[in-house]
Amino acid sequence: MISREVKITNSIGLHARPATFFIQKANSYKSSIWVEKNERRVNAKSLLGVLSLGISNGMSINLIADGQDEAEALDGLAELINTGFAE
């Protein structure tokens, strides 16, 4: 199990469209992946779970992955977030 802290930099945060991109990317990995904010952890492959965290611009979150492609999963998700979801 590994984790990484990332900062949300796109203008609207992790809502609606960016969250959909995030979920699709998370689902492309075999590892179990979670998003954690303020000690609350949700499944990164669940749109409702991710949206329930209310992640907005400037917030930091922890990405946690456990499985055979955990490092690849965190690298891919962090890259998606750091590029602002290509918006």
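The model is predicted, so local features need pLDDT of at least 70, side-chain atom pairs count only at pLDDT 80 or more, and totals for chains, interfaces and linings use all residues. Residues are numbered from 1 along each chain as its sequence is written, and side-chain values use heavy atoms, with hydrogens and water left out. Helices (H or I, at least four residues) and strands (E, at least two) are DSSP runs, numbered from the N terminus.

**The sheet as a whole**

- Let's start with the sheet: it is open, has four strands in the order β1-β4-β2-β3, and its pairing is antiparallel.
- Two strands count as paired if DSSP finds at least two bridges between them.
- At the edges sit β1 (2-7) and β3 (40-43), each of which pairs on one side only.
- On average, neighbouring strands of this sheet are turned by 25° against each other, direction ignored.

**Strand by strand**

- β1 and β4 are joined by six bridges in the antiparallel sense; Ile-2 has Ala-65 of β4 as its bridge partner.
- Between β2 (residues 32-37) and β4 (residues 60-66) there are five bridges, again antiparallel.
- Ala-65 of β4 also stands opposite Ile-33.
- Further partners in β4 are Ile-64 for Trp-34 and Leu-63 for Val-35.
- β2 and β3 run antiparallel and share four bridges.
- In β3, Asn-43 is the bridge partner of Trp-34, and Arg-41 is that of Glu-36.
- The hairpin of β2 and β3 has two residues between the strands, and Asn-38 takes a positive phi near 50° there.

**The helices**

- Helix α3 (residues 70-82) lies across β1, β2 and β4, and runs at about 5° to β1.
- Axes are lines fitted to C-alpha atoms, for helices over the stretch in contact, and angles run from 0 to 180 degrees between N-to-C directions.
- Helix α1 (residues 16-27) packs with α3 at an angle of about 165°, the axes being 10 Å apart.
- That angle makes α1 roughly antiparallel to α3 (the term applies over 145 degrees).
- Their crossing is right-handed, meaning that the near helix is turned clockwise from the far one by less than a right angle.
- On the α1 side, the contact (heavy atoms within 4.5 Å) is made by Phe-21, Phe-22, Lys-25 and Ala-26.
- On the α3 side, Gly-76, Leu-77, Leu-80 and Ile-81 take part.

**Around the rings**

- Arg-41 lies over the face of Trp-34, at 5.9 Å from the ring centre.
- For Arg, this requires CZ within 6 Å of the ring centre and within 35 degrees of the ring normal.
- There are zero aromatic pairs in the structure; rings of Phe, Tyr and Trp (its six-membered ring) pair if their centres lie within 6.5 Å.

Conventions:
Rings of Phe, Tyr and Trp (its six-membered ring) pair if their centres lie within 6.5 Å; planes under 30 degrees apart count as stacked, over 60 as edge-to-face and the rest as tilted. Angles under 35 degrees count as roughly parallel, over 145 as roughly antiparallel, 65 to 115 as roughly perpendicular and the rest as oblique.
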